[in-house]
Amino acid sequence: NYAAVLERADYAQFAANSVVVALGSTLLALAVAIPAAYSMAFFPTRRTRGVLLWMLSTKMLPAVGVLVPIFLLWRRFGLLDTRIGLVLINSASVLPIVVWMLFSYFREVPREILEACRMDGATPREELFHVLLPLSKPGITATALLSIILCWNEAFWSLNLTTVRAATLTVFTASFSSPEGLFWAKLSAASTLATAPILIFGWISQRQFARGLSFGAVK
């Protein structure tokens, strides 16, 4: 069954697409979420709480509810069946979770440290990159690992916005089902091949993930 699966589809291409999309989506989400969480954690306004709740509320909407407008937009801008198209939609999907996690981690950093930096003449950019990010490295690592796993397992947008060129391993797995029925043996083999890389990745990074999740738990 493994031989039949590998003979039928180009596993390496699907795996490469999954790696690029998962890493690209995570990096883009972090690039947006880090300054957003920083501003909301240390420079809150009366609208901060409302913005955080609004971002969280977007996860309550089923993805199928916005499929048609997203599909039309992606078709108009030539993003269908492209890696960049999947990176954009996946990063938008995980952004609320990433912002919330980073916001929680940043709030655990003592404000006195950042105030001392400002008294020494540090700019907000220097404060963020040279003080806050190194102190929050465990939390950022855990957030990045969770985002990678979520993007790796994403199937809805991959199935609806890609066909061949940018198809990920979730599409690779789904290709072994048909209207006539499921090819259970080949589907099981394809599922194992699709989950093996992320399982290995999770096993290698479990120490960093556990450390990040417990960041700030003990003063």
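**View 1. Asp81, a buried residue with a positive phi**. Asp81 is buried at a relative accessible area of 10%, where buried stands for under 20% relative accessible area, exposed for over 50% and partly exposed for what lies in between, as computed with a 1.4 Å probe on protein chains only. Although Asp81 is not a glycine, its phi is positive, at about 55 degrees. The residue sits in the loop between helix 4 (67–76) and helix 5, helices being DSSP runs of H or I with at least four residues and strands being runs of E with at least two, numbered from the N terminus. The model shown in every view is predicted, and for that reason local features need pLDDT of at least 70 and side-chain atom pairs count only at pLDDT 80 or more, whereas totals for chains, interfaces and linings use all residues. Residues are numbered from 1 along each chain as its sequence is written, and side-chain values use heavy atoms, with hydrogens and water left out.

**View 2. The largest nonpolar core and the surroundings of Phe106**. A nonpolar core is a set of buried Ala, Val, Leu, Ile, Met, Phe, Trp, Tyr and Cys residues joined through side-chain atoms within 4.5 Å. The largest one holds 46 residues, of which Phe42, Leu102, Phe106 and Phe172 touch the most other members. Two or more residues of this core come from each of helix 2, helix 3, helix 5, helix 6 (111–119), helix 7 (124–135), helix 8, helix 10 (169–174) and helix 11 (184–204), and helix 2 gives the most, with 12 residues. When neighbours within four places in sequence are left aside, Phe106 is in contact (heavy atoms within 4.5 Å) with Ile34, Ala37, Tyr38, Ala41, Phe42, Leu132, Leu133, Ser136 and Ile140. A second, separate core has 9 residues, among them Val21, Leu67, Leu86 and Ile89.

**View 3. Aromatic pairs, including Tyr38 with Phe42 and Phe172 with Phe176**. Rings of Phe, Tyr and Trp (its six-membered ring) form a pair if their centres lie within 6.5 Å, and planes under 30 degrees apart count as stacked, those over 60 as edge-to-face and the rest as tilted. By this rule there are 6 aromatic pairs. The pair of Tyr38 and Phe42 is tilted, because the planes stand at 50 degrees, with the ring centres 5.7 Å apart. These two residues are 4 residues apart in helix 2, so about one helical turn separates them. Tyr38 is buried, with a relative accessible area of 7%, and Phe42 also counts as buried, at 6% relative accessibility. Phe172 and Phe176 form an edge-to-face pair, with 5.6 Å from centre to centre and 80 degrees between the planes. Phe172 is buried at a relative accessible area of 0%, and Phe176 likewise counts as buried at 0% relative accessibility. Tyr11, Phe14, Phe172 and Phe176 form one aromatic cluster.

**View 4. The largest pocket and its lining**. On a 1 Å grid over the protein atoms alone, a pocket is an open set of points with protein on both sides within 12 Å along at least five of seven lines, a cavity is a set where a 1.4 Å probe fits but cannot get out, and lining residues have an atom within 4 Å of a point. Grid points are joined across faces, edges and corners, and a volume is the space filled by probe spheres set on the points. The volume of the largest pocket is about 560 Å³, and of the 22 residues that line this pocket, Thr58, Lys59, Ala92, Ser93 and Val94 are the closest to its centre. Helix 3 (48–57), helix 5 (83–107), helix 8 (137–153) and helix 9 (156–161) each give two or more residues to the lining, with helix 5 giving the most, 8 residues. The lining divides into 17 nonpolar, 3 polar and 2 charged residues, where Ala, Val, Leu, Ile, Met, Phe, Trp, Tyr, Cys and Pro count as nonpolar, Asp, Glu, Lys and Arg as charged, and the others, Gly among them, as polar.

**View 5. The largest cavity**. The count comes to 1 cavity of 30 Å³ or more, and the largest cavity contains about 40 Å³ of space. Ser18, Val21, Asn90, Cys151, Trp152, Glu154, Ser158, Thr168 and Thr170 line the largest cavity, and helix 2 and helix 8 each supply at least two residues of this lining. By class, the lining residues divide into 3 nonpolar, 5 polar and 1 charged.
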